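The structure is shown first, and the local packing is then taken up in turn.

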Amino acid sequence: MIDLYGDATGNCRRAAIALEESGLHYRQRRIDLDAATRQQEDFLRLNPAGRVPVIVDDDGSGERPLVVTQSNAIMVHVAEKSGRLLPTNQQERAAAFEWLFVFVTDVMAPYNMAHDLERTLGDAGSDVAGRMRGRALAMIERFDQRLSTREFAAGTSLTLADIAAYTAVAGMRERGPLQSLPNIARWFALLSARPAFQRGMQAFMQTSALR
Ligand SMILES: N[C@@H](CCC(=O)N[C@@H](CS)C(=O)NCC(=O)O)C(=O)O
């Protein structure tokens with residue numbers, strides 16, 4: 001059994017969607033980000049950074065349960081364990097990692113940083129924030145072009161890259177309308193219709209928090 005610790009945030013949803021798509025058995029353990037739970041000793045033993053998501057997999061090959069932090073590392077663990085979400089075909093596997101990292105480093109990082117800069121510095125941060133947001137949006141446009149000739153980010157099958165990209169695009173849409181990107185719109189609707197994505201996006205919404 002895998003325990004997924006998290007709350008209703010984009011990073012945690014990414015891990016939840018991967019688990020839902022993998023078919024592995026798991027349960028959600030909600031850590032209320034507004035409460036002090038994640039600063040308690042039990043939780044800090046799992047992740048000294050006090051952040052979510054975290055998984056504890058007690059069904060591994062080692063003697064002790066495996067603890068993994070970082071949403072994208074959790075997705076890789078889930079993909080390797082389940083044999084899903086990472087193609088065996090070398091070309092598509094490389095493309096899956098390539099686009100996973102595009103979203104982690106070239107889209108989410110600058111986009112979130114731009115948001116933080118504006119929130120904390122106001123007008124003084126808007127120049128740099130604008131440049132960072134522009135950098136993220138340029139990659140989003142490249143992704144749109146890529147999807148004009150492919151069903152999914154890596155090619156013919158759903159991969160980790162789609163899950164990372166989906167949660168990034170969903171988060172960006174929450175903060176304001178995205179410009180018209182027809183291929184992303186088609187791909188986003190396709191993924192939104194998948195029951196595993198729907199369940200993953202609802203993760204931690206109903207569960208009560210651990211104390
Ligand atoms: N890069 C990490 C980010 C983890 C992270 O910052 N999680 C947020 C919730 S989405 C959190 O725990 N925030 C509480 C804090 O920063 O103290 C990941 O992808 O897992």
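Predicted model: local features only at pLDDT ≥ 70, side-chain atom pairs only at ≥ 80, totals over all residues.

## A loop residue and its contacts

Leaving aside residues up to four places away in sequence, Thr 159 touches Leu 85, Pro 87, Ala 96 and Ala 154. Thr 159 is found in the loop between H5 and H6, and with a relative accessible area of 0% it counts as buried, because that term applies to values under 20%.

## Helix H5

Helix H5, which covers residues 126-146, has 21 residues and reaches 30 Å from its first C-alpha to its last, close to the 30 Å expected at 1.5 Å a residue. Its buried residues are Ala 129, Ala 136, Met 139, Ile 140, Phe 143, Asp 144 and Arg 146. Seen down the axis of H5, these buried residues fall within an arc of 155°, so they line one face of the helix.

## The crossing of H3 and H6

Helix H3 (residues 71-82) and H6 have axes that come within 10 Å and cross at roughly 150°. As angles over 145 degrees count as roughly antiparallel, H3 and H6 are therefore roughly antiparallel to each other, and their crossing is right-handed.

At this crossing, Asn 72, Met 75, Val 76 and Ala 79 in H3 meet Leu 160, Ile 163 and Ala 164 in H6.

Definitions and conventions. Residues numbered from 1 in each chain as written. Heavy atoms only, no water. Helix = DSSP H or I, 4+ residues; strand = E, 2+ residues; numbered from the N terminus. Expected span 1.5 Å × (residues − 1). Buried < 20%, exposed > 50% of the residue type's maximum accessible area, 1.4 Å probe, protein only. Arc of directions from axis to C-beta. Axes fitted to C-alpha atoms, helices over the stretch in contact; angles between N-to-C directions. Parallel < 35°, antiparallel > 145°, perpendicular 65-115°, else oblique. Left-handed = near helix turned anticlockwise from the far one by under 90°. Contact = heavy atoms within 4.5 Å.
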